[in-house]
Amino acid sequence: MERRSFLKMSAALGCAATVTGCNSSSDDANVIPPQPPVTDEVVNWSSCLVNCGSNCPIKVFTKDGIVTRVETDHEVEDNYGLHQVRACARGRSLRQRNYAVDRLKTPMKRVGERGKAEFVPISWDEATSIIAEKLSAVYAQENGAKSVFRSYGSGAYYGFASNACFNRLFNLNGGCLNAYGNYSWAQQMEAAKHTFGTGSTAGSSTITIEDSDFFLGVAYNPSEIRQSGSGEGYDYLQALQRNNGLEVVMIDPRYTDSMLGKESSWLPIRPGTDAAFAEAVAHEMINHANFDSQSLPFVLEHSVGFNKQSIEDQKAIFAASDDATKQEYAKVMNSDENYQDYILGKGIYTDAKTPEWAEKICGISAEKIRYIAGKLMTAKAPYIVVGAGVNRQANGEQSMRALYMLSVLTGKLGTRGASNGELPSMSSMSRAGIPTGKNEVKESISFFTWSEAINHGETMTARSHGVRGTDGLDTPLGANIKFILSASDSSLLNQHAEINKTADIFRNAEDLFIVSCDCWMTPGAKFADIILPDTSWLESNDLVNDSYASGSLGYLTAMSSSVESMWDCKSMYEAAAMIADKMGVGAAFRDGKNEEEWLEELYQSTKANSNNINVSPAFPATYKEAQKIGFFRKNMNDNHVSLQSFVKDGKPLSTPSGKIEIYSAELAWRAANWDQENSAQNPTGVKGDTITAIPQYTVTWDGYEDEDAKQDYPIQLAGYHTKGRTHSSYHNVPWLREAVEDAVWVNPMDGAKHGLSSGDKIEMYNERGSVEVTVRITPRVAPGVFALGQGAWYNPGNKRGSTGHIIDEGGAINSLTRYQPSPVAKGNPQHTIRVAIKKI
Amino acid sequence: MTEATQYGFYVDSTKCTGCKACHVSCKDRQGNEIRNNTNPEQNGVPALNGVTWRRVYEYGGGQWTEGQNGCFEQSVFAYYMSIGCNHCSEPVCVKACPTGAMHKRREDGLVHVAQDLCIGCESCARACPYDAPQIDRERKVMTKCDGCFERIAEGRKPVCVESCPLRALDFDTMDNLRAKYGNGDGHIAPLPPESITSPNLIIKANVNGGQGGDILNPTEV
């Protein structure tokens, strides 16, 4: 309807509205629809299975086999601790998503060029025969199993009929190429591993914020990323409300929904400059009056690398070790590269990392940097948490490690209320999943390098690409990827970096065969050779848990099908089983069980798991009965205090030294051996593609300080997680597109500078692509930074943009991102983006 | 009004994160009631674009200035306000209606549209300072938040309230709401003055309430 200014006109109108004209209804076809006769409403439990961190339960109401509405958990009194698990707007839109007009309805075979979406319907028999034939041919080649790859696929976290069914299929035929890491956390996982010996999600439980007296959140945004009404976002709100008066300092290029008055102050920062900020805070902490008495004893006892002596001591221990790897470390360790000298500009370092140095880079004033350092040094239990946005940058490993240092310098780790900068630890209920069997392939590539492995897998090595499972640094992987199975997956195109590059690889890869198994015609599915239509969550019987970031409450949903399988859709289990049949391993795949028997077996195993003890209500005897109850919950009593067992109980960390590694011996070794920007052999020449033993702020390609890119592409573009999607999932739901506008956020100062107003259409472009997006002028983003929600679906039109690429009218941020694996993790730097703009 | 029972809403703007679960769950419930939905496999589920019975206003403002050395100085704030219909005690929509279609129910104080009497003139929509009446262009009749009266009859809360992940919404008789929450903090922007319609709406004000700003998401409401 026509929108009025909400407040402005109301005073003028008051009660004095007058009738200004009446349009009588003339469209007889659209009078009030007749109410269908009342029939019994049927209720089933389903679940939202996307990759937001929570699998919220969905209560599905059907009449006459048609879904009439969905609700969510309302089965218990809503008392925090064992509270209701309320789905967010996405879960509430599932009826529309289920019946989306772009649902895949039948298997299809490609007949046009890849990406043109020209397909013809075929039968399941023909589709699975073609796939079986292609797969068999690949397996028949030398190193064939290493050419088979199941791409990422985080769009449907089923327990039984998950995309792991395809791994089961592959493993019955010789296996498939492995991948390590993930698009969310790749670089921070490496950063945490080389600092604390952890995986970047071992911070103190959210609930312990109640005992903190100073909270520093860097890119921490649970209210938008974890929207579930029992997830991390809800726990965060609850903790802040219990600890009323806690000083909350939030650092982010955007004024996020995790703020909105919950913060004491917001300090906007330029994307990718977090390490400069962190180093200046560290500089002030080290120079603080309390440091020598309060922090230094802790630092010297519990870490390696703060000063020269600590590195010398560790080097001697490694040299005397009978572990060959540690002896190798000792050979490359250099105590001149110690953290204290680096921060203070002493020894081999000339420039101190002063607040005055950092403020020009990060945009946070020296005064505020000093304030934060003072707070961190005087707080009894400072809770520091760094969101994953920091890690998805060019050389995001450095930024994460630089920020983790601040928690070490406080000397307060191990105290309840303090945390080490990692994401809060969370536990989940356990559920059994489809067994995948043993993979005979031992090699593993970084998840991010799959697109490169299509043409260069034969030569990729540990030294060049971080390939694991090969012998030594220079044994190549030895095979290109020739068969991709992409199921519940948008990494195939939309969510991988540099869409135009990936699309070109697909168009030119004659040896490659791509199968897409999904519910909807995604941008990636358009590049498939065969499409298999999956059943939706609302059609499925399955067993799922609460996922990985669902806060302190654990839960399980025994999903039951609300509607018969629609059109010619089949579950991923059935799809994989049919291919297995064609390859002669059907009996082994099915293991003598039908769907019901599989679910019963997985249920019994889940029921027996000790982690699930004391679930409410109690598990009934059979899965069938569990489906009738539908939903089970348990307070997991998360109460983790990060590094407490190390600091208080002396339990060594799983780093090589057993201590916190400010100076990482493993990274010193990689710095000496892996390909980098200026390495002696095979220099990559990529700006900022460097590894250092201590964390160091690094100027990278397309970063704030990249003088080569600044002129042509003056704007830093920040990608963020929009509330209207989970990554690319739910993009095709009109209700959500209406509720959460896809517009690029522009600061009013930039609006004035570029002559932009809300609603304007602009082309944003760089050398890698062009997108067309709508402008929203808002004070909630820093000047010089534009912000665009990631995950919109790539939709090439027919116009060419300013750099010669077809303009993506869908506004997928990955039309602008760069495929450039990070130095340590070989992970994704998808938040490092520079663009120029042009009004359309 | 002196009816024994008057229902109303409570909104805690310190908790709301603008997630739109209320907005979408309302469309799921009511959208299905006003559209024939016997063949969604063929037709999909209607988008009902622009029909938003519950709207979540993003309100914010503040100034930016360039500090020394390119540092950022700002006073930015924002908060959300989720509004359906406040089932006002002095409903201007009812007064504006030329046919009597828009009416206030004696038994519970809910303001409803008798769709068989509605001529789709949108007078009510123009009168309402909350934008509660939402025209269904396809059928040319007015629609609005009906307080989920069928759920209330079953002892449930409206679908928006039960959907709220942050527990920022409540609904009850005004007597019960006042007993539980008091009279609230008064109506902050972007809400109009209560004097216009005597809304049955208790607000817990965001700490940022009272500052001058703008609605930042006009296309979403």
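How many residues does the contact take from chain B, and how many from chain A?

Analyst: The contact takes 77 residues from chain B and 74 residues from chain A. Two residues are in contact if their C-beta atoms, placed from the backbone, lie within 7 Å. This is a predicted model: local features need pLDDT of at least 70, side-chain atom pairs count only at pLDDT 80 or more, and totals for chains, interfaces and linings use all residues. Residues are numbered from 1 along each chain as its sequence is written, while chains are lettered from A and ligands numbered from 1 in the order in which they are written.

Take the chain B side. Helix α1 (residues 21–34) of chain B gives the largest share of the side that touches chain A, eight residues. Helices (H or I, at least four residues) and strands (E, at least two) are DSSP runs, numbered from the N terminus. By class, this side of chain B has 34 nonpolar, 28 polar and 15 charged residues. Here Ala, Val, Leu, Ile, Met, Phe, Trp, Tyr, Cys and Pro count as nonpolar, Asp, Glu, Lys and Arg as charged, and the others, Gly among them, as polar.

Now the partner. Chain A has 28 helices and 29 strands. Its C-alpha trace spans about 80 × 80 × 60 Å along the principal axes. Of the 840 residues of chain A, 61% count as buried (20 or more other C-beta atoms within 10 Å of a residue's own, with C-beta atoms placed from the backbone). Among contacts in chain A with a separation of 6 or more, 74% join residues 24 or more positions apart.

Key:
A residue is buried if 20 or more other C-beta atoms lie within 10 Å of its own, exposed if 12 or fewer, and partly exposed in between; C-beta atoms are placed from the backbone.
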